[in-house]
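The following note sets out points for a colleague reviewing this model. Please read each point beside the coordinates.

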Amino acid sequence: MEVVRRRSGSGCLSVVVAIMCAFVVVMVPGVLATRWTVGGNMGWTNNVNYTVWAQDKHFYNGDWLFFVYDRNQMNVLEVNKTDYESCNSDNFLHNWTTGAGRDVVPLNVTRNYYIISGKGFCYGGMKLAIHVENLPPPPTSTPLDEKSSSPTLTSRGMIVLPMVLAIGAVWDAFLWYW
């Protein structure tokens, strides 16, 4: 008995190609962005020095600040520098509070961000000032030194090769079974 493989028209192929392109477009920005939980394990609360928490971090355009806090007491307000320094929450620029106690602030503009909690909590230290910058350009390639054994990949570069191989494997499986 001979098995005859039936190939569908180009319509099915176009759908698969479109889905794979959409997958790549959706996944690549997510690979480069970082979701920062403000305050780490402590979250957005009293008695945390957010200046110390932020000092060794680099915030890039496309990252996210994730605030976890008691939704019945606190809030997340973006203010200007003057209101940040004086803990004035009356003239906030943006209220990021959604009421769930799990709020996200997208860092989609390269600039300084000033975040405070109103209701008097700012005076207890619940304020965060950060500078958002563009991602640095990738390092330029340098000629390999004869003493060097092999080139090394950065952590962001380690994603590309497995992603390409995975897409190739899915494509091969698709062609085999369809």
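1. Glu-78 counts as buried, because its relative accessibility is 4%; buried means under 20% relative accessible area, exposed over 50%, and partly exposed in between, with a 1.4 Å probe and protein chains only. Glu-78 forms a salt bridge with Arg-111, with 2.7 Å between the closest N and O atoms. A salt bridge here is a side-chain nitrogen of Lys or Arg within 4 Å of a carboxyl oxygen of Asp or Glu. Arg-111 lies in the loop between strand 6 (102–107) and strand 7, and Glu-78 in strand 4, so the pair ties together parts that are 33 residues apart in sequence. Helices (H or I, at least four residues) and strands (E, at least two) are DSSP runs, numbered from the N terminus. Arg-111 itself is partly exposed, with a relative accessible area of 31%.

2. On provenance, this is a predicted model, in which local features need pLDDT of at least 70 and side-chain atom pairs count only at pLDDT 80 or more, while totals for chains, interfaces and linings use all residues. Residues are numbered from 1 along each chain as its sequence is written, and side-chain values use heavy atoms, with hydrogens and water left out.

3. The structure holds 2 salt bridges. One of them joins Lys-57 to Asp-56, whose closest N and O atoms are 3.3 Å apart. Lys-57 counts as partly exposed at 21% relative accessibility, whereas Asp-56 counts as exposed at 60%.

4. Two strands pair if DSSP finds at least two bridges between them.

5. Strand 7 (residues 112–116) is mostly covered, with 4 of its 5 residues buried.

6. An open sheet of 3 strands has the order 1-3-6, with mixed pairing. Its edge strands are strand 1 (35–37) and strand 6, each of which pairs on one side only. Neighbouring strands of this sheet are turned by 25 degrees against each other on average, direction ignored; the axes are lines fitted to C-alpha atoms, for helices over the stretch in contact, and angles run from 0 to 180 degrees between N-to-C directions. Strand 1 and strand 3 run parallel and are joined by 3 bridges, with Leu-65 in strand 3 as the bridge partner of Trp-36.

7. The largest nonpolar core has 23 residues, and those with the most contacts inside it are Trp-44, Phe-59, Leu-65, Phe-67, Leu-128 and Ile-130. A nonpolar core is a set of buried Ala, Val, Leu, Ile, Met, Phe, Trp, Tyr and Cys residues joined through side-chain atoms within 4.5 Å. Two or more residues each come from helix 2 (50–54), strand 3 (63–68), strand 6, strand 7 and strand 8. A second, separate core of 7 residues includes Leu-77, Val-79, Tyr-84 and Tyr-114.

8. With residues up to four places away in sequence not counted, Ile-130 touches Ala-54, Phe-59, Leu-65, Leu-107, Arg-111, Asn-112 and Tyr-113. Contact means heavy atoms within 4.5 Å.

9. A disulfide joins Cys-87 to Cys-122, at an S to S distance of 2.1 Å; the criterion is a pair of cysteine sulfur atoms within 2.5 Å, and the count comes to 1. The pair links distant parts of the chain, 35 residues apart: Cys-87 in the loop between helix 3 and strand 5, and Cys-122 in the loop between strand 7 and strand 8. The torsion about the S-S bond is about -65 degrees, so the disulfide is left-handed. Cys-87 counts as buried at 10% relative accessibility, and Cys-122 is buried with a relative accessible area of 4%.

10. Asp-90 is found in the loop between helix 3 (81–86) and strand 5. Is Asp-90 buried or exposed? Asp-90 counts as exposed, because its relative accessibility is 64%. Asp-90 and Gly-118 are 28 residues apart in sequence and 8.4 Å apart in space, C-alpha to C-alpha.
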